[in-house]
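Let's walk through this structure together, one region at a time. Keep the viewer open and turn the model as you read.

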Amino acid sequence: MADSQYILEVNNLCQHFTSGHGKKKMTVKAVDDVSFGVRPAETFGLVGESGCGKTTTGRTIIRLYNPTSGEVLFNGRDIASKMNGDLRRYLTDNIAMIFQDPIESLNPKMTIEEIVGEGLKVRGMKDRAEIRQKVIEMLRKVGLVEEHATRYPHEFSGGQRQRIGIARAIIINPKLIIADEPVSALDVSVQAQVINLLNDLKEEMGLTILFIAHNLSVVKYFSDRIGVMYYGHLVEVAKGDDLYRNPLHPYTKALLSAIPEPNPLTERSRVRVDYVPERDHDYSKEQPSMVEVEPEHYVYCSPSELKKWSV
Amino acid sequence: MKWIDRNNLPEELKNLPDSSFESLHQEDIKDEKFQTKPVGFFRDAMIRLSKSKVSMISVSCIVLIIILALLVPNITGYSFTEQNLGNKNLPPKIQGLEKLGIADGTRVLENRKKDALSDPDRYPEGSVLEILREFDSKGVAMVDVKVDYYKYVGAEDNRYHWFGTDYLGRDLLTRLFQGTRISLMIAFFSVLTNCFIGVIYGAISGYYGGKVDMILTHVAEVLDGMPYIVVTILFMILFGSGMVSIVLALTITGWIGTSRLIRSQFYRFKGREYVLAARTLGVPDLTLIFRHILPNCVGPLITRVMIAIPGAIFSESFLAYLGLGIKAPNPSIGVLLADGQKVLLQYPYQTLFPAVLISLLMIAFNLFSNGLRDALDPTKRGEE
Ligand SMILES: Nc1ncnc2c1ncn2[C@@H]1O[C@H](COP(=O)(O)OP(=O)(O)OP(=O)(O)O)[C@@H](O)[C@H]1O
Ligand SMILES: [Mg+2]
């Protein structure tokens, strides 16, 4: 999928966790041979059930974990290579992350001003008044008020904390934001609020967003293109509309069939499809690979499956 | 797969205008100011601490003892080294209380020859208060006699030793609080160095993990495995029995506990999302260790320090008891106890006062650290 139109390009990324030594050594292939690309100023949604490796993918891209193998290009520069000061600066200046857990992701011993202003401090801004000014500006942007700067995280609601996390991420003016299930811990009413905020910011600042979620209905609303993950593999990548209109992989079908419909009449007749890899695939003879079935629509399948599905 | 098939919809749903699908929530999100005051972590903990009676009593007890330790040696009018062989082993005598019959400077002398009572050289004028028992032993008339011991040894009238004197005639009140001063200082400094070494060692080992952690942990284990007493004795021989060498001796293995605690706390916190978030912002390791992770270990650390202080006092006493205490004539609670127990049967008060004081200190510090642990418990954050 090598293509210079991508701002972020992930090629054959693997992240294997090992534990134990010798005979007891175990390997978890949290991310296995994942490839996709994200275009500038688009929102790429990454979905999949809990434990399929979405977080790990995001964290490997931003180098919280060292990748086992594979290549990650950001604006053409390989950011999966050996870590050094220069690369670290490049990474931290360009990519920011929003975390899953609104309680866990803010340091309970720091005030909001310290939390949000940290990115500036690290970048060598010394003047406290200037930092404060920027922090307040960011807080306003995410709908908080100046007075909140002196508060500690435990005084905020989940939605507010998540917005603080967003303020922390955007204060350094990143090009790419990896949003790791920023709304999955929030109440539905607040989810919309946070997503709308992200959308506004994206437009205002020209951000590119890698949006991770386990819930297709959230991604559907928000993403231009969607990648579906299953057990460390990317099984289908397509434009949002294509994916909904014409899902090919049985796992995508299963995921889509799990979305409740707003219309009570169609909801009543909604049939849930389940996905059993052993039943749905026969990979004993042929190996599956990523195939472009129509423009911009990739699916992970074997040749015979391709024939069967794309009729 | 079908999503919404417009043709299957019932009439009333078919021709809904687009305006029915607009978000009700149009205005921007804007939050209210909080009505309450911001409360920092420590203020919050202090509020909870001040609500616990036991903690407040024990902390006042500790403060009182510290004040006494600072004050008393300067105002008794005796110095802790001043010897007075004529006035040795005087019993306690306190102004005011003497009229009530306690701490009045009297002692019972047993098995004395009755004849000698009238000898003013041996029993000065007014020193004999009461004859408790008269009996006959091998034809000699004997008595048990209660004497005013201060008059009996010929001390001046205005001499008062509240806690009595020791075998060299030194004022025990002065020595006890001077000893408390030294004991507290030893405890304080040894805990401080333990903390310093333990925090740094544990932080490095916990933060970096992997091979670094493995090596550091094994080194600590080897040190921990050495017999403590032997090491201490070697230390004393090498550096003499001064305060510094006692502090060092208490440090050799003392820091290991702290480092273990800090290491486990680092393991607990370093994977937290807020630490990861800081890392993705490019925060350097040292800032992560000291600014992000360490402040979250402060609760257990303070609790540990508070428990370690009575522990250090106790260890110091223990060393003194073995004769490895601080160099004479300096007292410490342990030295006083060791001296006192040699004459426990004749002069029990010489052991009693230091024993009571050390017990008080231990109980107060332990209760206080319990209260502190509860107060610093992050799960109780914000509770009244
Ligand atoms: N540091 C780690 N060491 C070992 N295994 C790990 C580690 N982090 C994640 N894993 C494993 O990798 C797999 C993928 O985890 P990951 O957190 O990426 O899932 P996820 O898709 O983000 O799930 P969720 O939707 O619940 O957040 C899981 O099986 C998990 O147990
Ligand atoms: Mg996750």
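Helices (H or I, at least four residues) and strands (E, at least two) are DSSP runs, numbered from the N terminus. The side chains of Arg245(A) and Asp242(A) meet in a salt bridge, 2.5 Å from N to O. The term stands for a side-chain nitrogen of Lys or Arg within 4 Å of a carboxyl oxygen of Asp or Glu. Over all chains, a search of the whole structure finds 28 salt bridges.

A word on the ground rules. This is a predicted model, in which local features need pLDDT of at least 70 and side-chain atom pairs count only at pLDDT 80 or more, while totals for chains, interfaces and linings use all residues. Residues are numbered from 1 along each chain as its sequence is written, chains are lettered from A and ligands numbered from 1 in the order in which they are written, and side-chain values use heavy atoms, with hydrogens and water left out.

Now turn to the sheet in chain A. Strands of a sheet pair through backbone hydrogen bonds, either parallel or antiparallel. Here 4 strands form an open sheet in the order E2-E1-E4-E5, and the pairing is antiparallel. Strand E2 (26–38) and strand E5 (77–78) of chain A stand at the edges, each with a single partner strand, so one side of each is left without a neighbour in the sheet. Helix H1 (residues 54–61) of chain A packs on this sheet and touches strand E1 (8–19), E2 and E4 of chain A; contact here means heavy atoms within 4.5 Å. The direction of H1(A) makes about 110° with that of E1(A). For such angles, axes are lines fitted to C-alpha atoms, for helices over the stretch in contact, and the values run from 0 to 180 degrees between N-to-C directions.

How are the strands of this sheet joined? Two strands pair if DSSP finds at least two bridges between them. E1(A) and E2(A) pair over 9 bridges, and Gln15(A) stands opposite Val31(A) in E2(A). The hairpin of these two strands has 6 residues between them, and there Gly20(A) takes a positive phi near 75°. E1(A) also pairs with E4(A), over 5 bridges; the bridge partner of Leu8(A) is Phe74(A) in E4(A). Strand E4 (residues 69–74) of chain A in turn pairs with E5(A) over 2 bridges, and Leu73(A) stands opposite Asp78(A) in E5(A).

Further along chain A, look for Asp187(A) in the loop between strand E7 (176–180) and helix H6 (188–205). The side chain of Asp187(A) makes a polar contact with the side chain of Ser189(A) at 2.7 Å. A polar contact is a pair of N or O atoms within 3.5 Å; within protein, one must be able to donate a hydrogen and the other to accept it, and residues adjacent in sequence count only if both atoms are side-chain atoms. Asp187(A) and Gly158(A) are 29 residues apart in sequence and 8.5 Å apart in space, C-alpha to C-alpha.

In chain B, 3 strands form an open sheet in the order E1-E3-E2, with antiparallel pairing. Its edges are strand E1 (106–113) and strand E2 (128–137) of chain B, each with a single partner strand, so one side of each is left without a neighbour in the sheet. E1(B) is joined by 6 bridges to strand E3 (residues 140–148) of chain B, with Arg112(B) opposite Val143(B) in E3(B).

Finally, see where the chains meet. The contact takes 35 residues from chain B and 49 residues from chain A. The count between the two chains is 3 salt bridges, one of them linking the side chains of Glu114(A) and Arg291(B) at 2.8 Å, N to O. Helix H9 (273–280) and helix H10 (285–321) of chain B each supply at least two residues of the side of chain B that touches chain A. The largest share of that side, 6 residues, comes from H9(B).
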